Amino acid sequence: MKYTQAAGEKSTVKLTITFSEEEWQDALNKSYLKVRGKYSVPGFRKGKVPKPVLENYYGKSVLFEEAFNVLYSAHYPDILDKEKENFTAVGEPSLEVEDMKEGEGVVLGAIVPVKPEVTVDAYTGLKIKKFEYNVSDADVDAEVRKLLERDAKDNEVSDRPCKLNDTVNIDFSGSVDGEKFPGGTADGYDLVLGSGSFIPGFEDGVVGLKVGESKDVNVKFPDDYSAENLKGKDAVFTVKLNKITEKLLPELTDEYVKNHAGAATVEEYKKTTRERLEKNAESRGRDETENSIISEICKHAKAEIPDAMIESEIDRAVQDFGYRLMYQGLKLDDYLKYMGISMNDFRAQYKESAEKRVLSQLVIDKIVRDKNFTADEKEIDKKIEEQAKSVDKTLAEYKKNIDPRQIEYIKNDIIITKLFDFLGSENELYTEGEPVKKTAAKKTVKKQ
């Protein structure tokens with residue numbers, strides 16, 4: 001086997017692979033052994049037809065497709081390994097037969113999508129928005145309510161309008177431009193007001209209704225709504241209120257939090273709750289700041305991204321959406337039928353975000369290479385030792401059974417920490433108020 005490579009269009013490499021007649025005949029023999037059980041010839045038992053008879057009866061091409069597969073699977077991985085310093089394949093190649101003559105072997109062509117080169121005009125000296133979140137007393141109170149709701153008792157009421165936190169049973173029918181749309185109508189639907197289960201404006205529009213009353217609620221579908229035909233559209237929902245159920249909460253006492261939250265007093269419970277919320281707020285701000293940094297740098301980046309990378313990212317997004325539906329007892333195919341959209345249209349909704357995610361990862365990889373950020377053994381061991389201490393083990397004990405994938409995760413975590421420390425210090429981060437200069441952003445975005 002011999003091959004040549006040449007750069008192709010839009011981040012592809014063209015491989016021209018030449019197989020000798022001996023290699024081709026060997027592939028045909030292996031193909032015969034694999035496919036002979038699929039074919040029948042009068043006078044022979046299925047799977048026992050001699051190769052010459054099979055070729056004569058069905059034509060020699062009957063073995064070609066599997067023979068090409070044999071050659072591809074046997075040699076393509078080796079070629080990628082030999083060329084790993086020159087390019088990285090990011091998807092399956094498209095194959096074609098370029099030449100095939102009796103007694104002269106066969107020539108296959110493979111168009112391989114490869115990881116593209118990315119150019120970044122600037123990744124320092126930029127002005128980038130920083131995100132910070134504070135925890136209010138109302139946030140703590142909301143967490144306290146969640147705790148109490150675990151033991152709340154339902155109480156049906158009819159002497160007042162519905163309000164936030166009530167569970168209402170409603171009939172509703174939605175329309176856009178006077179036409180009803182799939183999924184916009186239901187009877188006897190239970191909804192917790194304030195839960196954010198419906199599109200913005202719907203639940204607020206229901207608040208204030210009394211049992212037996214009806215109302216038209218005007219809303220607008222978000223621009224990023226999952227159904228393409230409803231994005232950004234104004235809609236009207238006719239809503240009838242059937243029932244109101246309120247939750248009667250238990251009294252918040254020291255005894256209650258001791259038994260249900262492991263805290264000695266209400267004051268202690270609120271203190272630990274605030275600390276947890278503040279930690280989450282800090283993490284959220286860090287995540288969004290890092291995304292803001294990469295998003296801004298991507299405005300200064302260019303890359304010819306092959307379709308295979310985009311499609312692979314869309315695959316992941318669709319799969320993730322399907323998993324979330326499964327937790328709700330739904331299947332993706334059923335959801336698409338219910339929403340009245342095709343799989344192609346559904347996938348198309350993810351294309352723009354997929355392109356951004358792929359470019360973001362390419363930019364991250366590019367800067368990591370440019371700055372030669374690495375994680376040495378000492379740094380990795382320090383992180384592992386922290387994990388070991390959390391389970392009362394020594395570093396040596398913990399490392400005995402550690403999964404190699406966990407070590408790789410720790411290594412990437414260290415590298416990404418260095419990356420965002422660098423980007424945070426070399427760019428001007430600002431909040432909505434005064435600019436914040438040279439403030440390091442910490443880790444969270446992970447290498448994929």
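Buried means under 20% relative accessible area, exposed means over 50%, and partly exposed is in between. Keep that handy; we're working with a predicted model here.

**Exercise 1.** Work out whether W24 and F68 are buried or exposed, then describe how their rings pair.

*Solution.* Start with W24: its relative accessible area is 5%, so it is buried. F68 comes in at 17%, so it counts as buried too. Now the rings: their centres are 5.3 Å apart with 25° between the planes, which makes the pair stacked. Last, look at where they sit: W24 is in helix α1 (residues 21-35) and F68 in helix α3 (residues 64-82), 44 residues apart, so the pair links distant parts of the chain.

**Exercise 2.** Check the length of helix α11 (residues 351-371), then find what covers its buried residues.

*Solution.* Count first: α11 has 21 residues. At 1.5 Å a residue they should span 30 Å, and the end C-alpha atoms are 30 Å apart, so the two agree. Next, pick out buried residues; among them are A354, V358, L362 and I367. Their cover in α11 includes β5 (118-120), α7 (266-298), β12 (301-303), α8 (307-327) and α14 (404-425). Just past the helix, N372 takes a positive phi of about 55°.

**Exercise 3.** Which ring does R284 lie over, and at what distance from the ring centre?

*Solution.* Go to Y133: R284 lies over its face, 3.8 Å from the ring centre.

Conventions:
Residues are numbered from 1 along each chain as its sequence is written. This is a predicted model: local features need pLDDT of at least 70, side-chain atom pairs count only at pLDDT 80 or more; totals for chains, interfaces and linings use all residues. Side-chain values use heavy atoms; hydrogens and water are left out. Helices (H or I, at least four residues) and strands (E, at least two) are DSSP runs, numbered from the N terminus. The expected span of a helix is 1.5 Å times one less than its number of residues. Buried means under 20% relative accessible area, exposed over 50%, partly exposed in between (1.4 Å probe, protein chains only). Contact means heavy atoms within 4.5 Å. Rings of Phe, Tyr and Trp (its six-membered ring) pair if their centres lie within 6.5 Å; planes under 30 degrees apart count as stacked, over 60 as edge-to-face and the rest as tilted. A charge sits over a ring if NZ of Lys or CZ of Arg is within 6 Å of the ring centre and within 35 degrees of the ring normal.
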